[in-house]
Amino acid sequence: MLTRIQDLTLVPTQGSILGVLGKGVVEQTEFRIGELATRAGVSIDAVRYYERLKLLPRAQRSAGGFRLFGAESIERVQFIKHAQELGLTLDEIKGLLATGGAEECKRVRDLLNTKIEELDVRMDSMKKFRKVLASHLIECERELSEHAQNACCPVVAIGNQITPQVKSDKRKLHG
């Protein structure tokens with residue numbers, strides 16, 4: 001097998017130094033914490049934190065004292081990260097990791113259903129808030145078009161418990 005120097009890497013892929021030794025790709029079965037973090041797309045601190053919370057099984061140690069994680073740890077960390085992105089808390093994720101089979105699927109279903117309901121409530125609240133903001137924007141636009149440089153912000157007036165009408169009356173008196 002002829003391999004160009006530029007194709008040689010330490011990543012165990014087709015054509016890598018590790019792959020040259022055998023017929024296919026030599027699979028790495030143990031990873032140090034930095035390798036695990038990089039492959040899973042998280043920080044080393046996140047891996048340590050997950051281990052402390054027992055979301056990851058305690059790593060074995062090498063003769064030199066380095067943590068050694070199995071290949072399954074990459075998938076587990078990726079699952080944790082993905083679950084967090086879906087809005088699950090670490091406690092919720094820990095509960096999911098403790099079960100298996102149909103029970104796990106039911107718990108995931110129930111948890112996802114709860115999260116969807118929470119999101120629906122938040123989205124309804126955000127839609128209502130958006131309507132309030134849009135209404136305030138219309139009021140500001142109207143005030144600016146009617147009074148230009150003498151405009152009195154109706155949103156600030158609401159915050160100060162003085163209605164725009166009262167300020168408008170003051171303008172007429174002083175105006």
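Colleague: Which ring has the charged end of arginine 32 over it, and how far is that end from its centre?

Modeller: Bear in mind that this is a predicted model. A charge counts as over a ring if CZ of Arg is within 6 Å of the ring centre and within 35 degrees of the ring normal. The charged end of arginine 32 sits over the ring of phenylalanine 66, and the distance to its centre is 3.7 Å.

Colleague: How many aromatic pairs does a search of the whole structure find?

Modeller: Ring centres must lie within 6.5 Å to pair. The search covers the whole structure, and the number of aromatic pairs it finds is zero.

Colleague: On to the helices. How are α2 and α3 oriented to each other?

Modeller: Helix α2 spans residues 33-40 and helix α3 residues 44-52. Their axes come within 8 Å and cross at roughly 105°. Angles of 65 to 115 degrees count as roughly perpendicular. α2 and α3 are therefore roughly perpendicular to each other.

Colleague: Which residues of α3 make the contact with α2?

Modeller: From α2 come Ile33, Gly34, Leu36 and Ala37. By class, the contact has five nonpolar, one polar and one charged residues. The α3 side is Ile44, Val47 and Arg48.

Colleague: What is the orientation of α4 to α5?

Modeller: Helix α4 (residues 72-85) packs on helix α5 (residues 90-97) with the axes 10 Å apart. The angle is about 135°. That value makes α4 to α5 oblique.

Colleague: Which hand is the crossing of α4 and α5?

Modeller: Arg76, Phe79, Ile80, Ala83 and Gln84 of α4 meet Leu90, Ile93, Leu96 and Leu97 of α5. This contact has seven nonpolar, one polar and one charged residues. The crossing is right-handed.

Colleague: How many charged residues are in the contact of α5 with α6?

Modeller: The axes of α5 and helix α6 (residues 101-147) come within 9 Å and cross at roughly 160°. That makes α5 roughly antiparallel to α6. Glu92, Gly95 and Leu96 of α5 meet Glu104, Arg107, Val108, Leu111 and Lys115 of α6. By class there are three nonpolar residues, one polar, and charged residues numbering four.

Notes:
Residues are numbered from 1 along each chain as its sequence is written. This is a predicted model: local features need pLDDT of at least 70, side-chain atom pairs count only at pLDDT 80 or more; totals for chains, interfaces and linings use all residues. Side-chain values use heavy atoms; hydrogens and water are left out. Rings of Phe, Tyr and Trp (its six-membered ring) pair if their centres lie within 6.5 Å; planes under 30 degrees apart count as stacked, over 60 as edge-to-face and the rest as tilted. Axes are lines fitted to C-alpha atoms, for helices over the stretch in contact, and angles run from 0 to 180 degrees between N-to-C directions. Helices (H or I, at least four residues) and strands (E, at least two) are DSSP runs, numbered from the N terminus. Angles under 35 degrees count as roughly parallel, over 145 as roughly antiparallel, 65 to 115 as roughly perpendicular and the rest as oblique. A crossing is left-handed if the near helix is turned anticlockwise from the far one by less than a right angle, and right-handed if clockwise. Contact means heavy atoms within 4.5 Å. Ala, Val, Leu, Ile, Met, Phe, Trp, Tyr, Cys and Pro count as nonpolar, Asp, Glu, Lys and Arg as charged, and the others, Gly among them, as polar.
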